[in-house]
Amino acid sequence: MKSGKYCEFGKVIYKRLAELNMTQKTLAEKVHCQRCQISCYARGINKPTVVTLMKLCLALDLDLNEMAELLERDGQTNE
């Protein structure tokens, strides 16, 4: 995936951040990672571990199964 282009997974993350009026920094604090890591997940540069994916879903009140499917479609699943 090209830098600056958001994958479907990333689009959902950023849409939800806007809905919750939450920043990447706040999300990173809730998930216990760096802010730049959130950006890397959203752009498809890095893939979250299962544990991090669970934390992201909890912090954003998103369905874990739906988000896992988006990652799979984006070609970012951990094998």
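Predicted model: local features only at pLDDT ≥ 70, side-chain atom pairs only at ≥ 80, totals over all residues.
Visitor: How many helices and strands are in the protein chain?

Guide: Helices (H or I, at least four residues) and strands (E, at least two) are DSSP runs, numbered from the N terminus. The protein chain has five helices and zero strands.

Visitor: How is the packing of two helices described?

Guide: The description uses the angle between the two axes and the distance between them. Axes are lines fitted to C-alpha atoms, for helices over the stretch in contact, and angles run from 0 to 180 degrees between N-to-C directions. Here, helix 1 (residues 8-20) and helix 5 (residues 64-73) pack at about 140 degrees, with their axes 8 Å apart. Helix 1 and helix 5 are therefore oblique to each other; angles under 35 degrees count as roughly parallel, over 145 as roughly antiparallel, 65 to 115 as roughly perpendicular and the rest as oblique.

Visitor: Which residues of helix 1 and helix 5 meet?

Guide: Contact means heavy atoms within 4.5 Å. Glu8, Phe9, Val12 and Ile13 of helix 1 meet Met67, Leu70 and Leu71 of helix 5.

Visitor: At what angle do helix 1 and helix 4 cross?

Guide: The axes of helix 1 and helix 4 (residues 50-60) cross at roughly 30 degrees and come within 10 Å. On the helix 1 side the contact is made by Phe9, Ile13, Arg16, Leu17 and Leu20, and on the helix 4 side by Leu53, Leu56, Ala59 and Leu60.

Visitor: Where do nonpolar side chains tend to be?

Guide: In soluble globular proteins, they tend to be buried together. A nonpolar core is a set of buried Ala, Val, Leu, Ile, Met, Phe, Trp, Tyr and Cys residues joined through side-chain atoms within 4.5 Å; buried means under 20% relative accessible area, exposed over 50%, partly exposed in between (1.4 Å probe, protein chains only). The largest nonpolar core has 19 residues, and Phe9, Ile13, Leu17, Leu27, Leu56 and Met67 have the most contacts inside it. Helices 1, 2, 3, 4 and 5 each supply at least two residues of this core.

Visitor: Which residues of helix 3 are buried?

Guide: In helix 3 (residues 35-43), Ile38, Ser39, Cys40, Tyr41, Ala42 and Arg43 are buried. These buried residues pack against helix 1, helix 2 (24-31) and helix 4.

Conventions. Residues numbered from 1 in each chain as written. Heavy atoms only, no water.
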